Amino acid sequence: MTYSISIELATEKKTKPDVSKISFGSSFTDHMFILDYDGDRGWHSPRIVPYQPITLDPAAKVFHYGQTIFEGLKAYRTEDGRLLLFRPDQNLKRLNRSNERMSIPDIDEELALEALKQLVLVDQDWVPSAEGTSLYIRPFVIATEPLLGVAPSQQYKFMIILSPVGSYYAEGIHPVRIHVESRYVRAVAGGVGEAKTAGNYAAGLKAQEKATEEGYSQVLWLDGVHRKYIEEVGSMNVFFKLGDKIVTPELNGSILAGITRASVIQMLESWGVEVVQRRISIEELFEAHDRGELIEAFGTGTAAVISPVGELNWQGRKIVIGGGQTGELSSRLYNELTGIQRGERPDPFGWVVELKGAEA
Ligand code: COI
């Protein structure tokens, strides 16, 4: 099925920034995609328009009850000028899983993919090509009905915006210092932790602020019931190399099912490395460190790809992992994954989707 997406081109083009000098997600391209929903017509009027502010009624439900979800993925420019997307189908499946959890109507994944591709093509001269850079794609849905009753909105907007980005951390891939958060929690099973919804990120800000004040980059989240089992690190999934096995918390309903997480598991298994998805407590991790068995730790996410953990502080106890250096496995995963994403290495998993119509 082909979808008819109307396109209104911008009459003025913005000046493109030097992505190595700007912070993550601070610059936006010339165009955006919009799709509207209302109870009578369903999703309608798909359109690409010049990037612009939107006007909403102050009573729009998103402002009051947080009915909103988002996704994040990237487009890469290869050395020979082709444009590649990394597993966009997975992001769109998750978009609908998040929609379902937040009582937002399903979006046709084929239409969303087509919209995303067309938008990137319209703004293709914004896809940077330098090592470590990409075009970050942010699809999101907001509830727009102006009504204060607590019930699912009857009106929504699905939008896609694009932002040229460099490395998530200004320093590139390097081990980060992590504060293990014992007071605040990010999510609980049965809540919305496994949905990519704004409230999960707002819930994390307080602990993040505290960690930053104490000189840490991110927090390690523990479960909301026992304050014991490891969940995520910052806004990423987390992996540990314990002896010769890799352990990552199992998806328990409060952890986001990361696409980088799934890709890392598949990649490690293809290398013959055993990956165990199970509950892992913070005590177990510190004990493994004391026995010399905690070899590496790293976070996985679209934004940072692989983020090695060099130090953990749990209630004043500090441990340094891998001498505070990027571990061998973290480096190998980073190089292999970014190599596939950038079209520099073979893609045995069929993860990469080439955008037809790119002008080299
Ligand atoms: C990611 O790691 O891709 C994230 O979800 C972070 C994003 C909220 C900036």
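In this predicted model, an oxygen atom of the ligand lies 3.0 Å from a polar backbone atom of Thr302. Another polar backbone atom, belonging to Ala303, is 2.9 Å from an oxygen atom of the ligand. A side chain takes part as well: a polar atom of the Lys196 side chain is found 2.7 Å from a ligand oxygen atom. Each is a polar contact, that is, a pair of N or O atoms within 3.5 Å. On its own the ligand has 280 Å² of accessible area, and the protein covers 88% of this (Shrake-Rupley method, 1.4 Å probe).

The model is predicted, with local features requiring pLDDT of at least 70 and side-chain atom pairs pLDDT 80 or more, while totals for chains, interfaces and linings use all residues. Residues are numbered from 1 along each chain as its sequence is written, and side-chain values use heavy atoms, with hydrogens and water left out.

Around the ligand stand Phe24, Lys196, Tyr201, Ser235, Gly301, Thr302 and Ala303, each with a heavy atom within 4 Å of the ligand. By class, this shell holds 3 nonpolar, 3 polar and 1 charged residues; here Ala, Val, Leu, Ile, Met, Phe, Trp, Tyr, Cys and Pro count as nonpolar, Asp, Glu, Lys and Arg as charged, and the others, Gly among them, as polar.

Where does the ligand sit? Its place is the largest pocket, in the sense that more than half of its atoms lie within 2 Å of the pocket's grid points. A pocket is an open set of points on a 1 Å grid over the protein atoms alone, with protein on both sides within 12 Å along at least five of seven lines; lining residues have an atom within 4 Å of a point. The largest pocket contains about 630 Å³ of space, a volume being the space filled by probe spheres set on the points. Its lining has 31 residues, of which Tyr168, Tyr201, Gly234, Ser235 and Met236 are the closest to the centre. Helix or strand elements (DSSP runs of at least four residues for helices, H or I, and at least two for strands, E) contribute too, and α4 supplies the largest share of this lining, 5 residues.

Cavities are sets of points where a 1.4 Å probe fits but cannot get out. Lys74, Gly132, Ser167, Val305 and Tyr334 are the closest to its centre among 20 lining residues. To this lining α7 gives the most, with 3 residues.

Terms used
Polar contact = N/O pair within 3.5 Å; in protein donor to acceptor, adjacent residues only side chain to side chain.
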